[in-house]
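Please keep the sequence and the model in view while reading.

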Amino acid sequence: MAKSIDVSDLNIYYGDFLAVEGVTMTIKARSVTAFIGPSGCGKSTFLRSLNRMHEAIPGARVEGKVMVDGQSLYEPSIDPVAVRRQIGMVFQRPNPFPTMSIYENVLAGKRLNNKRMSKSDADALVEKSLRGANLWNEVKDRLSKPGMSLSGGQQQRLCIARAIAVEPQVLLMDEPCSALDPISTAAIEDLIHELKTDYTIVIVTHNMQQAARVSDDTGFFNLKAAGEPGHLVEFNPTNKMFTNPDEESTEAYISGRFG
Amino acid sequence: MTVTAPPVVDAEESTGRVGDAVFAGISRGSAILIMLALAGVAVFLLQQGLPALGNHGEAAYGKDNIWAFVWPLLFGTLLASLIAMIVAAPLAIGVALIISHYAPRPVAKVLGWLIDLLAAIPSVVYGLWGIQFLALNMVPVYKWLEDHAGWIPFFEGPVPNSGRTMFTAGLVLAVMALPIITAICREVFAQTPKMHQEAALALGATRWEMIRLAVFPYARSGMVSAVLLGLGRALGETMAVALVLAPTLIVSFNLITAEQSSSTIAANIALNFGNASGSKIDTLIFSGLVLFVITFAVNFLGRSIAARGRKG
């Protein structure tokens, strides 16, 4: 089910503004790839270009290629809606639908794909997705309660359950723990470890320890200079990144000597 | 080490305090004035209208009692407003969605202005447009309805050549109520949190599915209150209806005829007040009191639903 992503020479624009320039990388299937870098360097923008979510902002466009398992994402014949069904996303702040129950939240994406689902199929999918997100034991007795009644960390895991319920091939996570306490963060990180057996996971994080803990490969993004577009400085296995990076600026950033 | 005394700011503070007091006084006064104006209207209507409770015969325009006089007008008011809402609500929600979510920004802006401009047109102009343009152009439609759906009491006919019917009045009211409903819906739609919209899009929702999943649930109470405020506008509208409808005291569901058509409270007052004298004036004022109570209730309901939605 999981797929690899090949990006070559990707430029991302907002109108005339070039936000990210010349990114080339290969994201391996069934692995966790982390993006680190200072705020505003374009790592979230790049992440969003991988499932065409950045197009929600008017004027956003890309040049270059993003290939998912040999299929180009930006062919004119490709519907962004179809892309997003294959490549799910979890956001910085937990965003369960406020008017829906836990149960309905998990099914929200699936209900878009096929309207009719038998009660037993739906129940099974909800249990499977919630188990997949390590949330089942905590919520199984209150599935009809609003999704917003959960704690922040639980809400985030609910969002992960909602994302994996549509069985995507890739899961993008945009700083999924930045609004959570350390215990919830640990729960999500454990979950990421488990999910990578089934999914290709790409995660943006501000927390370098987190990148070191969860990822197999790491990409370091930075601005070339103030006012210049962001770019990919280095992309290497996480081990190498954190012990013996190729670029001096990577080491400076990772060791906190950033300037 | 010397300890410096805290700086003395009395002089500065006292001017600030005077300004504060003046401003507080002015705004408190304005608030009280509004309450007094509202209370004044209520007291006037009660004082002048309640004596008409016992009116009958000549004083009640030939009806046995005051209720027999008010009821047809109240019925007409509600019917015209109901038609207006059935037409205006879906239209307004659609236009508001186009402005907030579909159209490119420049187009949305122009569309927003145009809708706001509709609110600036005087109601007498709407009335004239209703008679001279809309009514005449609706005649073929009414004729078709009479021929093909005449078995439904709503479309029994006969259709007048002037086209001045209850349905025409409802359509004019719909156009008049459109701006306020659109404006409020547009605001509520635009306030839908981005994170919920993105949540829907990231699940592979199309734009319409995103609107159903994220925008409508968030905006539901706002939409209801927008429609109720539009209804408040339609209930009280006078000139446009007075021009389109003849004042008859009949309860009739027939939407596309002239002689058997109901009229509305506001239009009836406007058309008859000039000729009224003595206890007939009280009768008309009493009908005004009924309208006042109903519009007040509708507006109140609209506001309270909006406030409840904002809290939740």
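In chain A, strand S7 (residues 170-174) pairs with strand S8 in the parallel sense, over five bridges. Strands pair if DSSP finds at least two bridges between them; helices (H or I, at least four residues) and strands (E, at least two) are DSSP runs, numbered from the N terminus. Within this pairing, Met173(A) stands opposite Ile203(A) of S8(A). The chain passes from S7(A) to S8(A) through helix H7 (residues 182-195) of chain A, in a right-handed β-α-β crossover: with the strands pointing away from the viewer, the path from the first strand over the helix to the second runs clockwise.

The model is predicted: local features need pLDDT of at least 70 and side-chain atom pairs count only at pLDDT 80 or more, while totals for chains, interfaces and linings use all residues. Residues are numbered from 1 along each chain as its sequence is written, and chains are lettered from A and ligands numbered from 1 in the order in which they are written.

S8(A) is also joined to strand S3 (residues 32-36) of chain A, in parallel, by four bridges, and here Ala34(A) stands opposite Ile203(A). Five of the five residues of S8(A) (residues 200-204) are buried, so this strand is largely enclosed by the rest of the structure. A residue is buried if 20 or more other C-beta atoms, placed from the backbone, lie within 10 Å of its own. Thr200(A), Val202(A) and Val204(A) point one way, and Ile201(A) and Ile203(A) the other.

How values were computed
A residue is buried if 20 or more other C-beta atoms lie within 10 Å of its own, exposed if 12 or fewer, and partly exposed in between; C-beta atoms are placed from the backbone.
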